[in-house]
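Okay, everyone, thanks for coming. Let me put the structure up, and then I'll walk you through a couple of spots.

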Amino acid sequence: MTHRNEGFTKARNDGCLGAAQPSQWGPGVRRASLALLFLCGLGAAGCAPTTTYRNTAIVPAVRPVAWDGRGPETTSLVLEGSLTNTQVLANEFPQPGDTALLVPEWTAEGSALVALTKHVMLGLRGSYAAYAWAQPSATGTMPLPDRPATWGLGPEIRLTFPLDDEKRFSLGIVGNVVSYQVPYAEWELTTGCIASPTCVSGYSLNHEETQNRLVYSLGLHPSYAFGPRGQYGAVFAVVTVTSGFQNDGFSDQPTQDGKLQSNGPIFILGGGYGFRYEGLHAALLAYRPTTGEGSPVDYGLGVQLAVGVDVDLTGGARD
């Protein structure tokens, strides 16, 4: 069961205790604050600290490459598309300095590679996630008024190595570096602003910009195929190391970019089933990043579906 909030309305259920410290409160305030803490503990939406500034960004979700670890037998053009579902376990009671980001629940990707040999594929990967697909990583995560998407493009290499003569066991290695457009915004606590896309929960928008950030991914995809040439498909495992993002979501100090920075390495474990027939292939994969409650973003179980086609460039000749 995930504890993510139902949309941005509950995610912005603010004002647990404000920025004051307990030693500064009088007896009446302390009693009221303890009561409020108790009520916050009963609420599913959680509470967020009332800091002077709040920073946010929409960042790509942490995920592996949806690939069964195998490739075509001949020189081919490999075209693929995939859809990833990502679950985030929201930080319901963030503290000053905690991360507050928008992470896509859905990510659409496409890749075009050339299988130079039966062991090596080179190409490009593209990724896109709409703003409407985003979910907050913490209670109090602020929106981006322009509702921008995050997208990226970068090179990818895949290597496949059969481990036995019948090619039942195989090891796939995939690596890519994707350059993403990452929109971010800074909000400032304001008195008297009228609720609007640029005034939310008592915070007014300071600025909204987009940065270019790199994300790396390196994965090992061992597999076992059933039947001659894998005609009954293959099961495969995934061990991926990649990078994610963190920021200073709740701060009393102004910044230019909300201290948005890469974090990692983040390890991902998973497994799935792939099937290939007459140049068509598909793979279904479940995975889980090895994050936890102390991580900047705590990820839950993810699922990927990939489909593709291998266009033979040799006229049908096989080794």
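**A buried asparagine and a nonpolar patch**

So, Asn176 lies in strand E8, residues 169–189; strands here are DSSP runs of at least two residues, numbered from the N terminus. Quick housekeeping: this is a predicted model, so local features need pLDDT of at least 70 and side-chain atom pairs count only at pLDDT 80 or more, while totals for chains, interfaces and linings use all residues. Residues are numbered from 1 along each chain as its sequence is written, and side-chain values use heavy atoms, with hydrogens and water left out.

Is Asn176 buried or exposed? Asn176 has 9% relative accessibility, so it counts as buried (buried is under 20% relative accessible area, exposed over 50%, partly exposed in between, with a 1.4 Å probe and protein chains only). Its side chain makes a polar contact with the side chain of Glu156, at 2.9 Å; that's a pair of N or O atoms within 3.5 Å, where one must be able to donate a hydrogen and the other to accept it, and residues adjacent in sequence count only if both atoms are side-chain atoms.

Now over to strand E13, residues 261–277. Tyr273 sits in E13, and at 38% relative accessible area Tyr273 is partly exposed. E13 pairs with E14 in the antiparallel sense over 10 bridges; pairing takes at least two DSSP bridges. Tyr273's bridge partner in E14 is Leu284. The two strands make a hairpin with two residues between them, and Glu278 in the turn has a positive phi of about 50°.

E14 also pairs with E15, residues 302–312, antiparallel over eight bridges. There, Leu285 has Gln304 as its bridge partner in E15.

Notes
Helices (H or I, at least four residues) and strands (E, at least two) are DSSP runs, numbered from the N terminus.
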